[in-house]
Amino acid sequence: MCSRTGGTALSAAAESVTASFIDTELRGAAMRLHTREQAPKEGEAPSKKIEPYVPTPADYLQFLVDSQHVYQALEDIVDEKDDLSVFRNCGLERTTALETDIEWMAKEFDLTRPPVGKFGVDYATSLRAMESIPELVCHFYNFYFAHTAGGRMIGKQMSALLLDKKTLEFYKWEGDLNEIKSRNKQHIEDMAASWSQQERTDCVDATAATFVGGGSINSYLSG
């Protein structure tokens with residue numbers, strides 16, 4: 001039989017696990033913005049009929065260029081804001097890997113490196129203009145972590161379609177990816193634990209904007 005003190009401690013521990021900000025509020029908001037096709041159990045967004053489109057190497061290169069521009073903005077913001085210092089050298093950074101891939105794609109397919117497109121410019125500009133730390137954390141979480149999930153699926157599709165199954169550096173990480181994700185999720189949990197309810201709400205409410213920003217860049221691959 002558990003002692004009263006032991007039972008209380010176990011209850012507190014269970015409550016702590018249940019109250020995970022990411023697993024309940026933040027992830028929940030993101031999953032609701034998926035369609036049933038994307039997330040069969042949790043998706044709530046209406047499905048959109050998309051005409052079949054086969055991306056070209058030029059489309060993929062533009063996607064990589066714009067992606068790098070947004071990741072550079074996020075890295076710069078993390079370096080500039082002390083409140084986000086826990087995310088410096090966090091293992092999720094993508095700009096260096098993308099530079100390697102962009103140079104390889106341009107050479108391999110005899111393409112001129114394109115300037116950053118409107119979607120990348122607009123999203124990066126909006127990020128740099130943000131003052132709210134909770135909102136920035138939401139964008140950080142969704143943009144980086146989406147790449148470790150659905151982004152890798154896109155990478156496999158493009159690899160099979162355009163690259164003879166070559167895996168780009170964009171889809172490789174130094175070290176164990178699950179450990180990197182776990183460490184950064186804990187950083188977010190620790191930050192959220194000190195936020196007011198309004199700050200937590202501000203973070204969650206920014207989710208839709210992250211889908212607009214990331215989705216606009218993905219649209220380079222859908223025509």
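**Reading burial and packing**

Modeller: Start with Ser-159, which lies in helix α7; helices (H or I, at least four residues) and strands (E, at least two) are DSSP runs, numbered from the N terminus. This is a predicted model, in which local features need pLDDT of at least 70, side-chain atom pairs count only at pLDDT 80 or more, and totals for chains, interfaces and linings use all residues. Residues are numbered from 1 along each chain as its sequence is written, and side-chain values use heavy atoms, with hydrogens and water left out.

Colleague: Is Ser-159 buried or exposed?

Modeller: Buried means under 20% relative accessible area, exposed over 50%, and partly exposed in between (1.4 Å probe, protein chains only). Ser-159 has 7% relative accessibility, so it counts as buried.

Colleague: Which residues does Ser-159 touch?

Modeller: Contact means heavy atoms within 4.5 Å. Leaving out residues up to four places away in sequence, Ser-159 touches Asp-164, Lys-165, Lys-166 and Thr-167.

Colleague: How many residues are in the largest nonpolar core?

Modeller: In soluble globular proteins, nonpolar side chains tend to be buried together. A nonpolar core is a set of buried Ala, Val, Leu, Ile, Met, Phe, Trp, Tyr and Cys residues joined through side-chain atoms within 4.5 Å. The largest one here has 53 residues, and Tyr-60, Phe-63, Leu-64 and Leu-84 have the most contacts inside it. Elements giving two or more residues to this core include α2 (21-32), α3 (57-80) and α9 (197-205). The most comes from α3, with 10 residues. Not counting residues up to four places away in sequence, Phe-63 touches Phe-170, Tyr-171, Ile-217, Asn-218, Tyr-220 and Leu-221.

Colleague: Which residues of α9 are buried?

Modeller: They are Arg-200, Cys-203 and Val-204. Seen down the axis of α9, the buried residues fall within an arc of 95° (taken from the directions from the helix axis to the C-beta atoms), so they line one face of the helix. The face turned away from that buried side carries the exposed residues Gln-198 and Asp-205. What covers the buried residues of α9 includes α2, α6, α8 and α10 (207-218).

Colleague: How many disulfides does the structure hold?

Modeller: A disulfide is a covalent bond between the sulfur atoms of two cysteines; here it is assigned to a pair of cysteine sulfur atoms within 2.5 Å. The structure holds 0 disulfides. Cys-138 is in none, and its nearest cysteine sulfur, that of Cys-203, is 4.7 Å away, too far for a bond. Cys-138 counts as buried because its relative accessibility is 0%. Cys-203 is also buried, with a relative accessible area of 0%.
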